[in-house]
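Try each task before you read its solution.

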Amino acid sequence: MKRTFNFNRIISLVLLLVFTVLIAVHIDTIARRQALSNLLYVSRNSPAVMPEETVKSLEERFNTLLETTGMTEDTDFSQRVENLILRLYGLTGDVLTGDRKISDTKFMQEADALFRELVKIDTQMQKEDAEHALSGKDSFTAFAVSLLWDYLDFYEAHFHEEQLPVDGVDIESDVFYTEDNDPLRALDIYKPENAEESLPVIIDIHGGGLMYGDKKKIQQYTSMLAARGYVVVALNYRLCPAVHYEDQIADIMAAYKWVYDHIESYGGDLNNVFLIGDSAGAQLAYYTSLVGQNEELSALYGTELSPLRFRALGLVSGMFDMKSGPNSVLLPCMLGYEYKSCPYYPYLQPEEVLDKGTLPPAFVVTEKKDFLRSASLNFAALLDEKGIEHRLREDTWLLNQSVGHITSVAFPDLPESLRVTDDMLDFFEQYKEK
């Protein structure tokens with residue numbers, strides 16, 4: 001019996017997911033939200049839709065995954081996978097109509113259960129049929145994740161206001177920090193125009209769940225930091241599931257080595273280096289600050305100890321909790337199918353690594369509606385317990401009508417975002433070498 005696959009239904013439901021999440025998370029005023037809603041309404045009745053060739057390529061990829069499993073003739077199996085994807089994205093229809101909120105526990109539980117079922121299918125194929133097993137980056141779970149990222153890119157290209165650098169800042173873009181000239185292993189350097197004296201350095205690691213994002217998407221934020229009197233280094237790194245978490249750690253450590261070797265020629269002061277990140281970038285920031293000073297962790301990830309020492313950290317909406325909550329279901333994409341037996345698994349949580357080194361003083365930011373709020377609160381509580389210097393800033397932001405995740409980075413010119421950035425830089429000022 002020939003399998004049928006209504007890909008247009010998935011496309012429409014994915015759009016519901018992306019539009020719902022990004023409208024809820026990133027729109028800063030009621031007026032702007034209404035304007036975007038108008039754009040989206042028009043887009044449903046205009047050519048502003050995903051190109052046909054993109055839709056076709058996605059369908060071909062899904063069919064290829066099915067063919068690789070050798071299960072194309074198994075209608076029950078094909079329908080099971082299709083239904084899981086449809087149900088996952090179909091949950092967002094209730095959010096769009098206002099029947100549910102993304103922050104609702106039940107909504108997150110249902111989405112988590114559906115993703116876990118996709119992981120289960122991939123894992124069973126891996127264990128039971130090596131000949132037809134899917135790789136980590138070519139799996140049904142990875143397909144669902146990357147499909148979402150494809151639509152985030154489409155959304156930002158058509159409906160999201162692009163971040164542009166502020167005036168008065170010089171930028172050198174796409175400087176490679178490894179020898180293979182990989183654009184995903186490159187960095188941008190920002191500094192105030194006509195700066196003559198040596199300036200403190202901020203290294204920024206972008207977020208995106210370890211699977212999405214780019215340094216260019218936050219260039220207004222990074223250039224604003226530079227305009228305040230810093231040399232700012234914004235990093236790219238390779239993304240899961242094309243690579244795994246350990247490869248990302250290696251990328252970040254290689255970037256630190258480049259900064260240590262070269263940043264003085266750009267006017268940076270190696271005695272005053274600060275490290276910041278948002279969401280997954282915050283996780284990578286605090287984590288690599290420990291990897292760089294601990295022989296056990298450095299050996300684990302196949303890297304060298306870092307000569308860089310960070311004066312303080314700025315951690316915005318950090319993805320600190322890797323083994324539970326919304327992040328845990330994606331561990332197969334981050335670490336591979338056998339993630340619980342991989343050597344990195346016992347060292348993923350803050351409580352498992354904070355004793356491996358001396359964490360720099362940390363400025364921790366979250367918000368009452370941040371969907372990763374509990375991770376930041378638990379992280380700050382752990383810092384309290386261990387006597388590590390830090391400041392927790394937990395806001396209740398009303399102006400942007402968002403769920404509060406990385407708002408100070410995504411919308412850096414909002415009044416409340418500026419206050420957060422001011423407080424972070426004031427925090428850094430306490431730890432500068434005079």
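**Exercise 1. Work out the span that helix α9 (residues 280–291) should have, and compare it with the distance between its end C-alpha atoms.**

Step 1. Helix α9 has 12 residues. The expected span is 1.5 Å times one less than that number of residues, which gives 16 Å for α9.

Step 2. The end C-alpha atoms of α9 are 16 Å apart in the model, so the two values agree. Keep in mind that this is a predicted model.

**Exercise 2. How many residues of α9 are buried?**

Step 1. The cut-off you need is a relative accessible area under 20%.

Step 2. Buried residues make up 12 of the 12 in α9, and the helix is mostly covered. Among them are Ala280, Gln283, Tyr286, Tyr287 and Val291.

Step 3. Now step back to Ser279, in the loop between β5 (268–278) and α9. Its relative accessible area is 8%, so Ser279 is buried. Its phi is near 55°, a positive value in a residue other than glycine.

**Exercise 3. Describe how helix α8 (residues 245–262) packs against α9.**

Step 1. Two packed helices are described by the angle between their axes and the distance between the axes.

Step 2. The axes of α8 and α9 come within 10 Å and cross at roughly 70°. Angles from 65 to 115 degrees count as roughly perpendicular, and α8 is therefore roughly perpendicular to α9.

Step 3. Look at the residues that meet. From α8 come Tyr245, Ile249, Ile252, Met253 and Tyr256, and they face Gln283, Leu284, Ala285, Tyr287, Thr288 and Val291 in α9. By class, this contact has nine nonpolar, two polar and no charged residues.

Step 4. Look also at the loop between β4 (231–235) and α8, where Pro241 is found. The peptide bond joining Cys240 and Pro241 is cis, with omega about 5°.

**Exercise 4. Do the analysis again for helix α7 (residues 219–227) and helix α15 (residues 415–430).**

Step 1. Here the axes come within 12 Å and cross at roughly 45°.

Step 2. In α7, Tyr221, Met224 and Leu225 meet Leu418, Thr421, Met424 and Leu425 of α15. The classes in this contact are six nonpolar, one polar and no charged residues.

**Exercise 5. Are Arg393, Ser139 and Ser317 buried or exposed?**

Step 1. Start with Arg393, which lies in strand β8 (residues 390–395). With a relative accessible area of 16%, Arg393 is buried. Beyond its neighbours within four places in sequence, Arg393 is in contact with Phe363, Val364, Val365, Thr366, Arg419, Val420 and Asp423.

Step 2. Next comes Ser139, in the loop between α5 (105–128) and α6 (140–158). At 1% relative accessibility, Ser139 is buried as well. Leaving aside neighbours within four places in sequence, Ser139 has contacts with Leu65, Asp122, Leu134 and Tyr337.

Step 3. Finish with Ser317, which sits in the loop between β6 (310–316) and α11 (331–335). Ser317 counts as buried because its relative accessibility is 1%. Its phi is near 50°, which is positive although the residue is not glycine.

Conventions
Residues are numbered from 1 along each chain as its sequence is written. This is a predicted model: local features need pLDDT of at least 70, side-chain atom pairs count only at pLDDT 80 or more; totals for chains, interfaces and linings use all residues. Side-chain values use heavy atoms; hydrogens and water are left out. Helices (H or I, at least four residues) and strands (E, at least two) are DSSP runs, numbered from the N terminus. Buried means under 20% relative accessible area, exposed over 50%, partly exposed in between (1.4 Å probe, protein chains only). Axes are lines fitted to C-alpha atoms, for helices over the stretch in contact, and angles run from 0 to 180 degrees between N-to-C directions. Contact means heavy atoms within 4.5 Å. Ala, Val, Leu, Ile, Met, Phe, Trp, Tyr, Cys and Pro count as nonpolar, Asp, Glu, Lys and Arg as charged, and the others, Gly among them, as polar. Angles under 35 degrees count as roughly parallel, over 145 as roughly antiparallel, 65 to 115 as roughly perpendicular and the rest as oblique.
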